[in-house]
Amino acid sequence: SQLKMPETDRTPALPQDYFSLLKTRADYIDYIFYDYPISFSQTEVQGIRQVVDFIDRGSTTMPETCPPSAMVAFLGEGEILAEGDMYFLEGCAYFVFYNEDRTPTYSHRLSQAGANYFNNVLNQYFETVRQQNR
């Protein structure tokens with residue numbers, strides 16, 4: 001599922017109160033990577049809040065040269081609060097949320113700390129695979 005948006009079009013920002021909702025209600029984040037056989041979940045509240053804080057609050061443009069790295073779903077008590085794509089590879093650092101129709105609608109920058117965090121997660125995975133294959 002490739003997302004194509006013109007580079008000049010700023011997408012709207014997710015409403016600010018939505019970030020508060022994610023920080024207070026989300027108790028589970030599910031990540032499914034597109035190009036790697038990896039999926040993982042986060043259930044630790046501090047970790048979930050940290051991930052929400054990695055997402056810049058302002059709107060931004062979406063370069064069309066970036067492939068999404070992972071599909072992400074924020075859940076609260078089993079209910080999906082927000083879904084989207086995360087981009088943090090190949091020099092891209094974005095978070096794009098879907099609307100109710102699963103159409104990419106809200107685009108935000110992922111902080112450098114966020115991109116580093118997820119790159120570290122991937123590197124740990126690859127190191128684990130390397131260890132297991134010895």
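Student: What makes the order of elements in this chain α-β-β-α-β-β-β-β-α?

Tutor: From the N terminus on, the chain runs α-β-β-α-β-β-β-β-α, with three helices and six strands. Helices (H or I, at least four residues) and strands (E, at least two) are DSSP runs, numbered from the N terminus. This is a predicted model, where local features need pLDDT of at least 70, side-chain atom pairs count only at pLDDT 80 or more, and totals for chains, interfaces and linings use all residues. Residues are numbered from 1 along each chain as its sequence is written, and side-chain values use heavy atoms, without hydrogens and water.

Student: What makes a set of residues a nonpolar core?

Tutor: Its members are buried (under 20% relative accessible area, 1.4 Å probe, protein chains only) Ala, Val, Leu, Ile, Met, Phe, Trp, Tyr and Cys residues joined through side-chain atoms within 4.5 Å. The largest has 27 residues, and F74, M86 and L110 have the most contacts inside it. A second, separate core of six residues includes M62 and C92.

Student: Which residues does M86 contact, leaving aside neighbours within four places in sequence?

Tutor: With contact meaning heavy atoms within 4.5 Å, the partners of M86 include Y31, P68, V72, F95, L110 and F118.

Key: Buried means under 20% relative accessible area, exposed over 50%, partly exposed in between (1.4 Å probe, protein chains only).
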